[in-house]
Structure formats: C-alpha cells, structure tokens
Amino acid sequence: MLNILAAVFLIVIIVGVVVLTYWIPKKEAEAKGLDGAKYGRMAEHNILMAYQAMEDEAHLQAALAYKSKKNAELRAQLEESAAPAKLAQMYARDCAVNTPLRPLQAVFSRRKGEPPLCTLHVKAYAQGPAPRRLAAQLRLYGADGEVLWENTQPLVEEVCSSMGGVLEWAVPLAGADEQQVSGARYFDAFLQVVPEGGEPGPFAGVSGMARPLSWQELLRVKTQYGADAFAWYEKEANGTWTCVCGKTGNQGEFCTLCRRTVEESSVPPVRNAPKISFLENLASFASIKDVKTAYAELQPTLDADTFQKGSDYINRRLEMQRMYGKTFGQLSGEDVKAMTELLQ
C-alpha cells in the first residue's frame with residue numbers, strides 16, 4: 001500500500017513540475033510569439049532535479065540515459081545535414097587539348113536535398129594570373145564505357161581557390177541523381193576560361209584526345225606519370241612527339257605545355273612500380289585475403305596515412321567474412337573501386 005501511495009505521490013510531483021515549468025511557460029511563450037524550445041530544456045532539467053532530490057537513483061539514471069540518447073541522435077542529425085556525403089572520386093579521361101588546362105581528379109558529393117556537387121582540381125599551365133572563372137562540359141561514364149550523365153548547358157562557376165598552379169572548382173550537377181554519380185568510374189571534362197564579364201564559347205568544336213584511353217589504361221598512365229597524364233608518349237613520323245599530358249606536336253627536348261622532357265614522358269618513375277603492379281592485378285585477386293597479402297608489400301612505397309586507410313578497409317572486409325561467411329570474403333567490384341580510389 002505504501003509503495004502505491006509513493007508511486008502516486010511521485011507521479012503527481014512530476015506532473016506538477018511539467019505543468020508549472022513547461023506547459024504553462026510554453027503557452028505564455030507561444031502567446032508572446034517566442035520559441036518554446038528552451039522551456040522544454042528547462043523542463044527536462046527540472047525533472048532530473050526532482051528525481052535527484054527524492055534520491056530516486058533508478059529513475060534518475062534512466063532519465064539521464066534518455067537525455068543522452070536524444071542528444072546523440074540530435075548530433076548525428078546535425079552532422080548528417082551539415083557534412084556532404086561522398087559519392088565517388090575519379091580521374092578525368094579526356095579534356096580539351098588546345099587549352100592550357102588539365103582536369104586532374106574530381107570528388108563527387110551530395111548534401112541532403114541538394115544536387116550532386118563536383119569538386120574538380122585543375123592544373124593550369126598558362127603563365128600570368130590564375131583564371132577566376134571556368135566553364136565545363138562534363139560527361140560521366142560507367143565501368144563498361146556507357147554514358148551515365150552529361151550536362152546539356154555549359155557549367156559556369158567561379159574558381160574556389162588557386163595554389164601552386166592547381167585550381168579548385170566546384171559546380172552542382174543539376175539533373176544528375178546519386179545513382180548516376182556513384183556508379184561512374186571516370187569522366188571527361190572539357191574546360192575553358194570564361195573572360196571577365198563574358199560568356200563561355202561553344203563546346204561543339206572543342207578537340208579532345210586523338211585516342212582517349214580505356215579506364216584500365218587511364219589508371220595505369222596516371223599512376224605512372226601523375227594525374228595530369230592523359231596519353232602515352234608517342235613519337236610521330238614527322239619527328240615531333242606527343243607528351244603524356246596530351247600535348248601533340250612537340251619539338252626538341254621539352255613539352256611546350258607541361259615542360260616534361262622526352263625522357264620524363266617516355267620512362268615512368270621507378271618508385272611507382274609496386275603500386276602500378278598492384279592496381280593492374282587488383283581485379284584478378286580471388287579474395288580479400290589475397291588483396292591483404294599483396295597490399296602489405298606496398299607499405300614502403302606509401303605514406304603512413306594512406307597505407308593505414310587501406311589496411312583498415314581490408315580488415316573491415318575480413319571481419320565481415322569472419323562474421324557472415326566465406327561469400328563475404330570474395331572480391332567485389334566495389335572493393336576494386338574503393339582500393340583504386342584510395343591509391344589515386
């Protein structure tokens with residue numbers, strides 16, 4: 001009987017606290033046109049204080065746990081709405097060869113309720129002030145070379161930043177959906193500088209690479225020579241040569257665009273050999289365990305942060321195999337994509 005009376009007494013006190021500290025002030029705040037959210041926080045605090053005053057440890061801890069859970073959920077919601085979700089990261093395959101701009105690598109991301117955003121890094125070889133405004137014709141491709149998305153009107157935006165001849169340029173992809181972007185493996189980016197107060201010129205006559213590389217060749221040439229490489233070195237019949245940056249008609253020792261020498265363009269750096277071999281053989285590995293064995297050999301050639309990220313990914317996949325069975329240890333297309341992006 002005493003327990004029932006104590007429980008009723010406790011309920012009456014809590015209801016009274018809520019009415020006096022939350023419901024009545026909230027109604028007053030609403031009448032004054034004020035935000036009542038702060039009164040909700042006051043009510044939570046007063047309820048906790050009531051439990052503490054009555055030395056009701058069980059209810060106090062339960063209330064504290066509930067409040068902590070709500071705070072964690074709120075933080076997660078705020079972080080999700082503030083931070084863009086990364087959809088893909090990839091190299092450019094083709095570009096406008098008659099411009100001093102070379103698209104390097106793009107990161108595609110998306111915030112909830114907004115179109116995908118393409119953040120593109122561009123190498124600007126031209127002398128003088130860095131371009132302030134760029135226009136682009138973009139085309140995204142799947143693993144089999146199918147076109148997933150392309151813009152119908154030039155994408156024009158201001159350059160975000162410029163450092164050491166590398167521009168950062170971000171543009172929303174209106175009309176593109178998340179599935180199209182996340183399924184892409186490479187893209188074409190035909191760029192042009194937009195003059196101050198002017199409009200972009202037509203892209204119809206823009207000339208790209210004479211022989212654009214396949215996705216597999218693209219990864220190989222960029223791994224060997226850098227993100228601004230788009231072609232293999234080639235000596236022409238008329239004595240000129242094509243640089244790996246895609247510039248044709250070079251004469252003499254140096255490329256007239258990127259200033260690579262004939263030797264630098266034709267002979268890959270030895271330091272990249274292990275990573276090149278790993279990427280070339282990645283898709284042929286039968287299991288994640290095989291990937292881990294081969295990846296361990298890359299440790300001396302990678303910086304500590306990159307190597308650790310790759311190891312963490314492999315270990316997570318091995319843990320899935322341990323928990324869910326052997327099928328989850330088989331190498332998938334998503335594994336190849338994830339490891340390739342990591343090592344780009």
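The structure holds 5 aromatic pairs, a pair being rings of Phe, Tyr and Trp (its six-membered ring) whose centres lie within 6.5 Å, with planes under 30 degrees apart counted as stacked, over 60 as edge-to-face and the rest as tilted. This is a predicted model, in which local features need pLDDT of at least 70 and side-chain atom pairs count only at pLDDT 80 or more, while totals for chains, interfaces and linings use all residues. Residues are numbered from 1 along each chain as its sequence is written, and side-chain values use heavy atoms, with hydrogens and water left out.

**Aromatic pairs**
- F108 and F187 form an edge-to-face pair, 6.0 Å centre to centre with 85° between the planes; F108 lies in strand β2 and F187 in strand β8, so this pair ties together parts 79 residues apart in sequence (strands are DSSP runs of E, at least two residues, numbered from the N terminus).
- F187 is buried at 0% relative accessible area, where buried means under 20%, exposed over 50% and partly exposed in between (1.4 Å probe, protein chains only).
- The rings of Y141 and Y186 are stacked, with centres 5.0 Å apart and planes at 15°.

**Charge over a ring**
- The charged end of R93 sits over the ring of Y141, 4.7 Å from its centre (NZ of Lys or CZ of Arg within 6 Å of the ring centre and within 35 degrees of the ring normal).

**Cysteines**
- A search of the whole structure finds 0 disulfides, a disulfide being a pair of cysteine sulfur atoms within 2.5 Å.
- The sulfur of C258 has its closest cysteine sulfur in C243, at 3.5 Å, which is too far for a bond.

Methods: Helix = DSSP H or I, 4+ residues; strand = E, 2+ residues; numbered from the N terminus.
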